[in-house]
Amino acid sequence: MAMNETITKIRKEKGITQQQMAKDLFVTRQAVSRWETGETSPSIDMVKLICVTYSVPLERFFDMPLDYYCQCCSMPIPDPTLHGTEADGSTSEHYCKWCYQNGDFTAKDVDMDEFIEATAQLEADALGVSREEAVSLMATLLPHLDRWRGGDKSHETK
């Protein structure tokens, strides 16, 4: 589902008008209309505000299951050749090859903030957004991923 369709669907699920959504988000009704028609797209920070305001997960805007993403950096990993490897050489189901090799993280002994700072420009370049937008997006997504939320106890960070 495209971003414009996601915004329209969220607004209709909440039973509000474009005018009410605009008021809730501190934008004009015309801005909401342009988002819904696909003429423009909201910034990453605005998408985050939509998610917080209407209690919807950010992943909904990407319309892909969470396991489609690297559970360290959030990069989509649809191709098996992009997956990292476990210590026994098997393919990692949860991590990309840039984050995880031979059963261990490539960026060891870093916390989430350090990881974001070190990789934000790569994310910005990949997504075609500013570095600041990439930092904002990563700061929203990463806390929900296994490496950073402690969901994968075998690969805890300090």
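Which residues does G84 touch, not counting residues up to four places away in sequence? They are S90, T91, S92, Y95, C96, K97 and Y100. Touching, or contact, means heavy atoms within 4.5 Å.

## About the model

This is a predicted model, in which local features need pLDDT of at least 70, side-chain atom pairs count only at pLDDT 80 or more, and totals for chains, interfaces and linings use all residues. Residues are numbered from 1 along each chain as its sequence is written, and side-chain values use heavy atoms, with hydrogens and water left out.

## Around G84

G84 is found in strand β1, residues 83-85. Strands (E, at least two residues) and helices (H or I, at least four residues) are DSSP runs, numbered from the N terminus. G84 counts as buried because its relative accessible area is 2%. Buried means under 20% relative accessible area, exposed means over 50%, and partly exposed lies in between, with a 1.4 Å probe and protein chains only.

G84 and F105 are 21 residues apart along the chain. Their C-alpha atoms are separated by 9.3 Å.

R11 sits in helix α1. R11 is buried, with a relative accessible area of 11%. A polar atom of the R11 side chain lies 3.0 Å from the backbone oxygen of I16. Leaving aside neighbours within four places in sequence, R11 is in contact with I16, T17, Q18, M21 and E36.

Q18 belongs to helix α2. Q18 counts as buried because its relative accessibility is 17%. Its side chain and that of E36 are joined by a polar contact of 2.8 Å. A polar contact is a pair of N or O atoms within 3.5 Å; within protein, one must be able to donate a hydrogen and the other to accept it, and residues adjacent in sequence count only if both atoms are side-chain atoms. Not counting residues up to four places away in sequence, Q18 touches R11, R29, V32, S33 and E36.

E13 has its place in helix α1. E13 is partly exposed, at 45% relative accessible area.

## The nonpolar core

A nonpolar core is a set of buried Ala, Val, Leu, Ile, Met, Phe, Trp, Tyr and Cys residues joined through side-chain atoms within 4.5 Å. The largest one here has 37 residues. W35, I50, C70, C72, F115 and L142 touch the most other members. Two or more residues come from each of α1 (3-13), α2 (18-25), α3 (29-37), α4 (44-54), β2 (91-96), α5 and α6. α4 gives the most, with six residues.

Take L142 as one case. Not counting residues up to four places away in sequence, L142 touches C72, C73, S74, M112, F115, I116 and W148.

## The largest pocket

The largest pocket holds about 440 Å³ of space. Its lining has 23 residues, and C73, S74, M75, E123 and A126 are the closest to its centre. On a 1 Å grid over the protein atoms alone, a pocket is an open set of points where a 1.4 Å probe fits, with protein on both sides within 12 Å along at least five of seven lines; lining residues have an atom within 4 Å of a point. Points are joined across faces, edges and corners, and the volume is the space filled by probe spheres set on them.

α5 (112-127) and α6 (131-141) each supply at least two lining residues. The largest share, six residues, comes from α5.
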